Amino acid sequence: MNYRQYVNIPTWKFRSPLDELYRIRKQMEELYQDSTVPTQRAGAGVFPLINLTEDKNSYYVRAELPGVKADELDIQVTANNLAISGERKIAAVAEGARYHRREREAGTFSRMIGLPGDINPDKVDAKLKNGLLTVVVSKAEVAKPKQIAVSS
Amino acid sequence: MTDTQSKELKVQEKQEISSSAEQTTPGLVFTPAVDIFETEKEITLLADMPGVKADELSIDLRDNTLTLTTDIASAGDLNEEYILKEYETGRYYRQFTLGELIDQEKIDAKLIDGVLRLSLPKVEKATPKTITVKAG
């Protein structure tokens, strides 16, 4: 059997036959990453989409909730999880109105967000302004970074 | 068994505009979701624009074309690190052509909770005149 002849072909190695598929998949991923338009990812795919940021003292959770009033929103903190739920209502229209376009939706939503570190549940502040919800969750004292002085 | 609860909201990805003309300021531009409905007296437009303040929004109506533009003046860099970013922020832009004649003096715009409510009253149509023919 011409063993040497087979080994020279770069794709034929002594690994699983799915190697070729992995290579193709990697190339397809690179193809999508090169596009200049930012790819829109829904993340967990649950409404509402959130942006989670942090600084030394707290976590900031932001969500876009247009048309939701502060008393229709329910926010709860349990251990390291933040639960946001509520209902978005769309005002009923007058009789005899004719719709040209209907793109906005109404309905209930509920989402649980797990925060990566320990938090202080007594210092959580939520603000809903202009349809943008900002929740500031303070980190627990043990989770804040502490500078340690080095003595020589 | 019918469920009396209202249905669950699904995620609607923000629609980004990919126009060939370049914007003067860099940044993403989105198309806001709108509801447009019409009654006999006026046309009402509701647009979802979360995070937009009243002074950042400009509404332009000329030549039967209605243009909504926002300018996020206070976008500034946050001194925070991103852990999870599921949506992008940017400006909003949408343009409509209006077929009806609109009374421009009586246009009313309200921005409440990130929802723009634009009332465009229609011009009162001239009452039809009947012309009597005199026999002569």
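Predicted model: local features only at pLDDT ≥ 70, side-chain atom pairs only at ≥ 80, totals over all residues.
B:T65 has B:T97 as its bridge partner in β8(B). Five bridges connect β6(B) with strand β8 (residues 91–97) of chain B, and the two strands run antiparallel. β6(B) also pairs with strand β5 (residues 57–62) of chain B, again in the antiparallel sense, here over six bridges. Within that pairing, B:T67 of β6(B) lies opposite B:D60. The hairpin of β5(B) and β6(B) has two residues between the strands, and B:D63 adopts a positive phi near 55° there. Strand β6 (residues 65–70) of chain B has two faces: B:L66, B:L68 and B:T70 form the covered one, whereas B:T65, B:T67 and B:T69 form the uncovered one.

Strand pairing also links the two chains. Strand β5 (residues 98–102) of chain A is antiparallel to β3(B) and joined to that strand by four bridges; A:R102 is partnered there with B:D35. The contact between the chains involves 45 residues from chain A and 38 residues from chain B. On the chain B side, β3 (34–38), β4 (42–48) and β7 (81–85) each contribute at least two residues. That side comprises 16 nonpolar, 14 charged and eight polar residues.

The largest nonpolar core contains 16 residues, and A:V61, A:A63 and A:V137 have the most contacts inside it. Two or more residues each come from β1 (50–54), β2 (58–64), β4 (81–88), β7 (119–129) and β8 (132–139) of chain A. A second, separate core has 15 residues, among them B:V34, B:I43, B:L45 and B:L116.

Notes: Residues numbered from 1 in each chain as written. Chains lettered and ligands numbered in written order. Core = buried A, V, L, I, M, F, W, Y, C linked by C-beta atoms within 7 Å. Buried ≥ 20, exposed ≤ 12 C-beta atoms within 10 Å, placed from the backbone. Contact = placed C-beta atoms within 7 Å. Nonpolar A, V, L, I, M, F, W, Y, C, P; charged D, E, K, R; others polar. Pairing = 2+ DSSP bridges.
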